[in-house]
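Here is a short briefing on a few loop residues. Look over the sequence and the structure first, then read the points below.

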Amino acid sequence: MEKPLGPDDVRQDQTILGERLRERRQALGLTLKQVADGASLSVGFISQIERGITTPSLSSLVNVSRVLGQQVSSFLSLPAGTASLTRLDQRPHYAVGSSALVYERISAAFPGYQLTTVIIHQPPGYRSELIAHDGEELFYMLSGAMTVEVEGEVFVLEAGDSLHFSSQKVHTTWNHTDAEAVLLHTCTMDVFGDREGRQDVATPLAAQPARTTTRAADAAPSRRRPPASHHQTHAPEETTDG
């Protein structure tokens, strides 16, 4: 059984991640804006990752890695999906740098596999960055509640609820409660970078012809608190979180 990350390990991992991403970007001669546009993220968010101020979700890190022409495993050590069976008391808990999100990998890696599944522990008040990427994903709430916004449409999920959508749509999640939210997350994105015969690692952006991209940050969703009632989809009350 792998040892969960402690506070000191997390801080060190966060710094190393930012340094590795910055070194790779500079080696390719890319600007922060080029990486941000290619990864559908904001320039400020990329800058904060490189400086160790914040950490990306696994999905965002995969987007950045692809712009830099490398697999996510080049920047971060993640658990291998070596076992088809996982036990509740034996799965390692891990995080990307100092991310408030804690993951448990439950999907296995074998030739031809397409689905990646994790259990995500989302602390009270956590809000993810805006992101869009290839594939599709499904959320199933195990406990607690969470707001999911997909291209302006707001869904409040509670235990037992699910949401399946195209990952190409700009989306973000928010634990609007004062309790931990735990969800089962399945997607087709190779967030662990361990598929055999991968075809989705991009040529570094510097080697590609110029193209027009649309950043997820350019389509920012509402920053308002969602209604307390179940299954509402209208906009919530303004907050000042950054």
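Start with Glu-151, which counts as exposed because its relative accessibility is 52% and the cut-off for exposed is over 50%. Keep in mind that this is a predicted model. Two further loop residues follow, Ser-40 and Gly-125.

**Glu-151**
- Glu-151 sits in the loop that links β4 (145-150) and β5 (153-158).
- Its phi is near 50°. That is a positive value, and Glu-151 is a residue other than glycine.
- Most residues other than glycine have a negative phi.

**Ser-40**
- Ser-40 also has a positive phi, near 60°, and is likewise not a glycine.
- Look for Ser-40 in the loop between α2 (32-39) and α3 (43-50).
- Is Ser-40 buried or exposed? Ser-40 is buried, because its relative accessible area is 14% and buried means under 20%.

**Gly-125**
- The loop between β2 (116-122) and β3 (136-143) holds Gly-125.
- Gly-125 has 48% relative accessibility, so it counts as partly exposed.
- Glu-180 is 55 residues from Gly-125 in sequence. In space, the two are 8.9 Å apart, C-alpha to C-alpha.

Terms used:
Residues are numbered from 1 along each chain as its sequence is written. This is a predicted model: local features need pLDDT of at least 70, side-chain atom pairs count only at pLDDT 80 or more; totals for chains, interfaces and linings use all residues. Side-chain values use heavy atoms; hydrogens and water are left out. Helices (H or I, at least four residues) and strands (E, at least two) are DSSP runs, numbered from the N terminus. Buried means under 20% relative accessible area, exposed over 50%, partly exposed in between (1.4 Å probe, protein chains only).
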